[in-house]
There are 2 protein chains.
Amino acid sequence: MERIMLAHGSGGRLSHELILNLFQKHLGNPYLNQMNDAAQVPGREQIAVTTDSFVVSPLFFRGGDIGKLAICGTVNDLAVSGAIPKFITLALILEEGLLMKDLERIIKSIAETAAEAGIVIVSGDTKVVERGSADKVFINTTGIGYITNRLVSPGQIRPGDEILITGTIGDHGIAILSEREGLEFQTPVLSDCAPLNKLIDTFYLPGVKCMRDPTRGGVATTLNELAQQAGVSMLLKEELLPLSASVGSACEMLGLDPLYLANEGKALVIVGPEVADEVLMKMQAHPLGQNATRIGQVQEGKSGLVLLETFLGGKRIVGMLEGEHLPRIC
Amino acid sequence: MERIMLAHGSGGRLSHELILNLFQKHLGNPYLNQMNDAAQVPGREQIAVTTDSFVVSPLFFRGGDIGKLAICGTVNDLAVSGAIPKFITLALILEEGLLMKDLERIIKSIAETAAEAGIVIVSGDTKVVERGSADKVFINTTGIGYITNRLVSPGQIRPGDEILITGTIGDHGIAILSEREGLEFQTPVLSDCAPLNKLIDTFYLPGVKCMRDPTRGGVATTLNELAQQAGVSMLLKEELLPLSASVGSACEMLGLDPLYLANEGKALVIVGPEVADEVLMKMQAHPLGQNATRIGQVQEGKSGLVLLETFLGGKRIVGMLEGEHLPRIC
């Protein structure tokens, strides 16, 4: 069949065929293949759980697609929490009429990214809604990880800590925007979409206080949340912000602030000053952390305040994202 | 604010307000309130995991709503697998313009049903898409349960086993259909939507071989799956099928076969003949199992075949659901 039909979501014969010919074919593993109402998987005394839905538009973009994004987003939420991502569930809402080849491309991408991240898909669900009641494909992934002895939480952040980021900022936001608007850059901007768990495994050491992935709302919103939760202020330096040339010129041209653009393969990492150099070196030794750098410092001062020291030496407040300039970025 | 706006899904200030004023207000608990990228919850050596998205239309119907359904569906998938439902994640995809009071009504219903089932919501996510890109509200719930020593699986089913159901069939399907089509019955048909975990706790005993909740595709499709997985055939008796008077007359009037209608608060339970009476008595002693009854028997014979002995004494094959007569039933 060339296109998805309502009956693919009926729970009947066509649903079963889709499971066998597409999901089990590409994603099959002993847990998924149990074919029971719930999968039975090995747990631990403490587990980490996170859920995320993905509604990105367009479905395919430079550097990724909605399937890759759905795995990376959930793997990264587990990894920055200090957990080892292990299992993911996959729930699809499909619009009637979706091209089967697009769905297959997404499922293959999910399979590849899951393999890269070392996680397995253990349970799934597919619903189909009438044409016009959804926009092509929405994906939910829910992740389960094993809690480690990595103690990371905003409560550990102290004045004097350094704020690191594992690479350039704004790439995902600009990649999606340029896809939508048909913008062309000399060097095309690729989404940074990537699973971060293996990178984190290489640089984590005691002294790493807190990690977050600055997705929707960008670095600015994430740091505002952390500063509020930790009851500290933070000072960023504009000259330290790592931007690719294309993202920098896109932001200038379009009047966008890269601090608010989404990232899908970066971690903000707050570390004690005594380990900052060591953590940075380890980040930079990994392909996903080559451009890792310091961007600022935690300070005493008004709780929740994030400041930016500009190129000219002035300071301005960097607030939480207001409104929404780029809907459906993830 | 009276309506959901795109900025409620931005990850910025309005997202935070929605979390505080709606989700934490009604669903708050120590796990959810951690407000980290992933919740840390107590696990077990073996855990059960299941995921389901809900796209039911309309959102509100006699006997339930999409929120209640989203909790029941996932709780029941865990419970019929023999697990004790413990934790649920909640991911919402909202259409821009959704009435805030409708969302609040759904969230309250989720809170009530979660309390009734004894589970907690540990992680959440909200995305908002432009008006016309989704139909009001889609919900994903993913559930985690603790594996018990309840051994239930299709592999245990043997010829001679009895097929029980915990109550009348087709109520959810007819409730949704009558809501959509404006049908009125003398006795209105309510969805049977209910969490089954506590009912199952009261009747489970060794000798219960397999349990399933016959949702999409109905009793017919679920028994076809079981008969195939177990390599047996099954014989149902039409005179034993429990139907409410209203569902019975609706099916006659509309030419629908109740065996294919969705149920959202019923379990099919296959038991060894030696415990059938005891299990039935225990079911009937619980408010959700009052109309529990035998509907047929497992037999030798062609693997995967489900037969119905009609009122007139003839036999016909009951196949898996073909096509889709009631899209967006759950």
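Helices (H or I, at least four residues) and strands (E, at least two) are DSSP runs, numbered from the N terminus. Helix H8 of chain A, residues 276-284, is one such run. A:Glu278 and A:Lys282 both lie in H8, 4 residues apart, about one turn of the helix. A:Glu278 forms a salt bridge with A:Lys282, with the closest N and O atoms 3.6 Å apart. A salt bridge here is a side-chain nitrogen of Lys or Arg within 4 Å of a carboxyl oxygen of Asp or Glu. Side chains of opposite charge can pair when their charged atoms come close. Over all chains, the rule counts 42 salt bridges.

This is a predicted model, in which local features need pLDDT of at least 70, side-chain atom pairs count only at pLDDT 80 or more, and totals for chains, interfaces and linings use all residues. Residues are numbered from 1 along each chain as its sequence is written, chains are lettered from A and ligands numbered from 1 in the order in which they are written, and side-chain values use heavy atoms, with hydrogens and water left out.

Turn to the interface. In contact (heavy atoms within 4.5 Å) are 71 residues of chain B and 71 residues of chain A. The size of an interface is often given as the accessible area lost when the parts come together. Chain B and chain A bury about 5500 Å² between them, 54% of it on carbon and sulfur atoms. That buried area is the accessible area (1.4 Å probe) that two parts lose on being put together, summed over both. On the chain B side, B:Asp37, B:Val49 and B:Arg216 lose the most area to chain A, together 12% of what that side buries.

Polar links also cross this interface. The rule finds 10 salt bridges between chain B and chain A. One of them joins B:Asp37 to A:Arg212, the closest N and O atoms being 3.5 Å apart. The side of chain B that touches chain A has 29 nonpolar, 25 polar and 17 charged residues. Here Ala, Val, Leu, Ile, Met, Phe, Trp, Tyr, Cys and Pro count as nonpolar, Asp, Glu, Lys and Arg as charged, and the others, Gly among them, as polar.

Two strands pair if DSSP finds at least two bridges between them. A:Pro42 has B:Gln46 in S2(B) as its bridge partner.

Now follow the loops. A:Asp135 sits in the loop between strand S6 (120-129) and strand S7 (137-147) of chain A. Leaving aside its neighbours within four places in sequence, A:Asp135 is in contact with A:Ser57, A:Glu95, A:Arg328 and B:Ser133. A:Lys136 lies in the loop between S6 and S7 of chain A. Phi of A:Lys136 is near 65°, a positive value in a residue other than glycine. Most residues other than glycine have a negative phi, and most peptide bonds are trans.

A:Ser57 is joined to A:Pro58 by a cis peptide bond, with omega about 0°. A:Pro58 is in the loop between strand S2 (46-54) and strand S3 (60-61) of chain A. In chain B, a cis peptide bond joins B:Ser57 and B:Pro58, with omega about 5°. B:Pro58 lies in the loop between S2 and strand S3 (60-61) of chain B.
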